[in-house]
Amino acid sequence: MKPSASGGAPRAELVGARPVAELGGPIAALLSDVDGTMTQDGLLEAETVHAIEALVASGVPVVPVTGRSAGFGHALLGLLPVPAVIAENGAVTFVKRGRRVEKVYGLPERDLASWRRRMGDAVAAVQRELPALRLSTDSAFREVDLALDWNEEVRLPRADADRAVLRLQEHGLAASRSSVHVNFGPPLFDKRTASLALVRDVLGGDVEDLARYVYVGDSLNDAPVFGGLPSSVGVANVRDVWDALPSRPAFVTSAREAAGFRELVAHLLTLR
């Protein structure tokens, strides 16, 4: 998670969380947030790509699960050795089917236009109250949800982002704050619903045996999956939002951001 304009949060007591070394196996797949989890200061480092490659080579698929745009997700699918990418907080999933890429929406495609109009009206209302907030640059590449930039190309107080979340929810939209954006869209999907669908339909997993599927993240928009997968992990910067999380990860790494992701991968490799 990037530090916000208001400064870093105080160190939280991680009540109930265990060290990642206590996570047991066997593990069927690793699903991972991207920003602040796979990335370090916004960069996808070579060491992290190598860690992903090593885990995949061991027989454990890795699936990025991001709030970033569909365009970002489609590009990531072609750049990493992954079977699928979940983008837009569960709105769009890209799946490799041999040489073909299948796209799955989290809502009926016929409803996209009406939801987009409703979201545009909500943005206009929020910006009247918080004019410094603006649509993220990558909103041009989004197919379902949208994002307001509060901590990427602009630097605004975290309180402004949280106010925007509340106002968007008052308009009947799902909204959550990530480390860089306020993501919002139809209240019909989230990272959890898309992850469970992927486990069932792509990875061939049993949703009654979810402990074999590990999820790792760092932010508020990861909370649905923290609550939905028993083998959920937070990289150490999750403590920056710990007190605000409605659902918390069961395990936490000792290192922050990508270093924490690689710490988790190194442990998972010992379970093979």
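What covers the buried residues of α7? In this predicted model, the cover includes the strands β2 (29–32), β11 (213–217) and β12 (232–234), together with the helix α1 (46–57). The helix α7 itself spans residues 257–270. With 14 residues, α7 reaches 21 Å from its first C-alpha to its last, close to the 20 Å expected at 1.5 Å a residue. The residues of α7 that are buried are E257, A258, G260, F261, L264, V265, H267 and L268.

One part of that cover is the helix α1. Two packed helices are described by the angle between their axes and the distance between the axes. For α1 and α7 the angle is about 20° and the axes are 10 Å apart. Because angles under 35 degrees count as roughly parallel, α1 is roughly parallel to α7. Their crossing is left-handed. On the α1 side, the residues that meet α7 are E47, T48, A51, I52, A54 and L55. Their counterparts in α7 are A258, F261, R262, V265, L268 and L269. Of these, A258, F261, V265 and L268 also belong to the buried residues of α7.

Strands β2 and β3 pair in the parallel sense over three bridges. Within that pair, L30 has V62 of β3 as its bridge partner.

Strand β2 also holds A29. Is A29 buried or exposed? Its relative accessibility is 0%, so A29 counts as buried. Leaving aside residues up to four places away in sequence, A29 touches V60, P61, L203, R212, Y213 and V214. A29 and T48 are 19 residues apart in sequence, and their C-alpha atoms are 17 Å apart in space.

Between β12 and β13 (251–252) runs a loop that contains D240. D240 counts as buried because its relative accessibility is 16%, and the cut-off for buried is under 20%. Along the chain, D240 and R212 are 28 residues apart, and 27 Å separates their C-alpha atoms.

A second open sheet has four strands in the order β7-β8-β10-β9, with antiparallel pairing. Its edge strands are β7 (134–135) and β9 (174–177), each of which pairs on one side only. Helix α3 (residues 112–129) packs on this sheet, where it touches β7, β8 and β10. The direction of α3 makes about 15° with that of β8. Inside the sheet, β8 (residues 146–149) and β10 (residues 181–185) pair in the antiparallel sense over four bridges. L148 stands opposite V182 in β10. Another helix, α4 (residues 158–170), lies across β8, β9 and β10 and runs at about 170° to β9.

V95 stands opposite E102 in β6. Two residues lie between the strands of this hairpin, and G98 takes a positive phi near 70°.

Key: Residues numbered from 1 in each chain as written. Predicted model: local features only at pLDDT ≥ 70, side-chain atom pairs only at ≥ 80, totals over all residues. Heavy atoms only, no water. Pairing = 2+ DSSP bridges. Contact = heavy atoms within 4.5 Å. Axes fitted to C-alpha atoms, helices over the stretch in contact; angles between N-to-C directions. Expected span 1.5 Å × (residues − 1). Buried < 20%, exposed > 50% of the residue type's maximum accessible area, 1.4 Å probe, protein only. Parallel < 35°, antiparallel > 145°, perpendicular 65-115°, else oblique. Left-handed = near helix turned anticlockwise from the far one by under 90°.
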